[in-house]
Every structure is written in structure tokens, then in C-alpha cells.
Amino acid sequence: MHDAASLHKAISLEGRTAVVTGAGSGIGQASAATLAAAGAKVFCADLLGDSAEATAAAIRALGGHAEGVTVNVAVRQEVEDLMDRAIGETGRLDICCNVAGKMSEAKVLDIDEADLDSMLQVNLKGALFGCQAAGRFMVDHGGGSIINMASTAVLAPSPDIAVYAMTKAALVQLTKTMSVEVGKRGVRVNAIAPGFVPTKMTSRYYTNPDGTEDEAMKEMVLQPMAKFAPLRRVGTPDDIAHAVLYLASDLSTFVTGQLLAPNGGVAGVS
Ligand SMILES: NC(=O)c1ccc[n+]([C@@H]2O[C@H](COP(=O)([O-])OP(=O)(O)OC[C@H]3O[C@@H](n4cnc5c(N)ncnc54)[C@H](O)[C@@H]3O)[C@@H](O)[C@H]2O)c1
């Protein structure tokens, strides 16, 4: 039975090392900040190095431990260098969150091969490179938790995002297969399928040609989503970061190969 101290210990990441890709914005940024608030030293990685460093600086300003790292997850060597840096500086790697991702839109009949390749490279191969580089260390050093960011798109089909949904569906299968390969070595591998969260990725629905957000359009897009969601709202980056924290911490030591879907209850009804 837990007392307050043992429950606090189970959720604490004190002394642990985490890598979060896509940490320059949105869900990755919130995940990095949450893991740091729980005590982890977080390597905040992003293609946009200034954004990665801004996240790390914000964490440090709050008393946490973080470093920003410029990484293109589409390049295997860069992902390996990222993990090596985290391991080299701290001597450990406990948590790897593969959050970096991008979106493209086209009807199936119009999918462009170059776009398909580019999406596979980032959303699927980028996460695979993270699973491999982190997983190799974790299987040899007593375990760890790998968390892959999938999407509600794998649960409820939407038009125009087949390529995105394909990359995320493959990521879920990668997650499940890896979990049965490395479980005996103490490595847990799970995926998260977030519902709609307003971020840079999703703001394209209400962004003006000059890059500013159209507030009226934003309201028109978000309000019906909230209205039809069982929990009557869209998500926040923190909603997803809380799922990341659960899967990263010892609260989930019996959980692997799972797809956790924080989505306000919408999957399957949209
Ligand atoms: N926002 C949503 O509604 C939603 C829903 C389901 C899943 N997701 C997934 O969550 C993840 C984060 O999305 P978000 O909404 O926070 O988007 P976002 O655009 O705010 O953040 C994505 C981050 O990934 C980085 N990135 C892109 N390509 C990269 C690369 N090659 N190497 C390194 N970094 C790269 C970007 O620079 C950006 O900082 C994505 O994998 C996305 O597919 C988002």
C-alpha cells in the first residue's frame, strides 16, 4: 500500500535522464518541462535549435535541469549523437520520448512520392532511430522507458491525412513489436495517441497567409470540436505531457506495448 512518500517517489524522476525530440514546441515542449519538473535532467532536442534552447532555458529558469540540442531526427547519426551526448554527460538514459513530427495533407489519390518519403523519414524513421539508439543503451543498462508520439489519426480515419496516419499507424506497430523484444531486459515501449491539441502543427487550420492566427477562425474550428467531445473541450499540451509523465515514471512499471489515448473521449466518434 502506498503512503504519500512512496507515491511521491513512484512519480519522481529525480536523478534520471530524459531525451525529448520535438521539444521546441507544443507537446514536446510541455513534455520536456513536465519531465524536468518531476526531477529529470532533460535533453530538449529539435530541428529548430533556438526553440530547443528556449525550452531548456525556460526549464532552467524554473529550477530544472535541461540542455537544448539541435537535431534533425531524419538523420540517423544525429539521433545517435543526441543519445550519446545525454549518456556521456549523465552516465545514464532512462527516458526517450520521440515526439518530433510533421504533418502533410493530400487525398490518397494525390499523394506525392517525395512528400511520402519525407514524412516517413521524420515521423517513422526518425522515431525508429530514437528507439534504436536509446534502446541499445537501455537493454544493456537495466531498462528504461521509450515513449512514441502517435495520433488519434490511427484510431479514427480523417480525410486528407492518409500519409500522416500511415506513418503514425506504423509507429504504433513499431512500438508494440519492440515492446515484446525488449521487455525481458526491463525496457518498456509505449505510444500515445493524442486527440486534437492546438499547437503550431494544428494552427494551419486558422493561420492567415502572413503567419498570424485568425482568432475568429480559431474559434470556428475549435468550438465545434469541443462541443462534440465527450469532455467538451480540446486538449492542451499539458494533457499529453501528463500521459508522458505516467509512462516515463515508475507508476507504469507494469505497462508496455500500449497505446494510451488522451483525447477527451473523441476517438471513434469523429
Ligand atoms: N497537436 C495535435 O493535435 C497532435 C495530435 C496527435 C499527435 N500529435 C503529434 O505530437 C507530436 C508533436 O506535435 P505538436 O502538435 O506539438 O507540433 P509542433 O509543430 O508544435 O511541434 C513539433 C516539433 O517537432 C519539430 N520537428 C519537426 N521535424 C523535426 C525533425 N526532422 N527533427 C527534429 N525536430 C523536428 C518541430 O521543429 C517542432 O518544434 C507530433 O509527432 C504530432 O504528430 C499532435
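Mentor: Begin with a cut-off: a residue is buried when its relative accessible area is under 20%, and exposed when that area is over 50%. Keep in mind that this is a predicted model.

Trainee: Is N123 buried or exposed?
Mentor: N123 lies in helix α5, which covers residues 113–140. Its relative accessibility is 1%, and the limit for burial is under 20%. Therefore N123 counts as buried.

Trainee: Which residue has a side chain in polar contact with the side chain of N123?
Mentor: Leaving out residues up to four places away in sequence, N123 touches G101, K102, Y164, T167, K168 and L171. With K102, the N123 side chain reaches the backbone nitrogen, at 2.9 Å. The side-chain to side-chain polar contact, at 3.3 Å, is with T167.

Trainee: How many residues in the contact of α2 with α8 are nonpolar?
Mentor: On the α2 side the contact includes I27, A30 and L35, and on the α8 side it includes P237, D238 and V244. Sorted by type, the contact residues include three polar and one charged, and the nonpolar ones number nine.

Trainee: What is the handedness of the crossing of α2 and α8?
Mentor: This is the pair with axes 8 Å apart. The crossing of α2 and α8 is right-handed.

Note on methods. Residues numbered from 1 in each chain as written. Predicted model: local features only at pLDDT ≥ 70, side-chain atom pairs only at ≥ 80, totals over all residues. Heavy atoms only, no water. Helix = DSSP H or I, 4+ residues; strand = E, 2+ residues; numbered from the N terminus. Buried < 20%, exposed > 50% of the residue type's maximum accessible area, 1.4 Å probe, protein only. Polar contact = N/O pair within 3.5 Å; in protein donor to acceptor, adjacent residues only side chain to side chain. Contact = heavy atoms within 4.5 Å. Axes fitted to C-alpha atoms, helices over the stretch in contact; angles between N-to-C directions. Left-handed = near helix turned anticlockwise from the far one by under 90°. Nonpolar A, V, L, I, M, F, W, Y, C, P; charged D, E, K, R; others polar.
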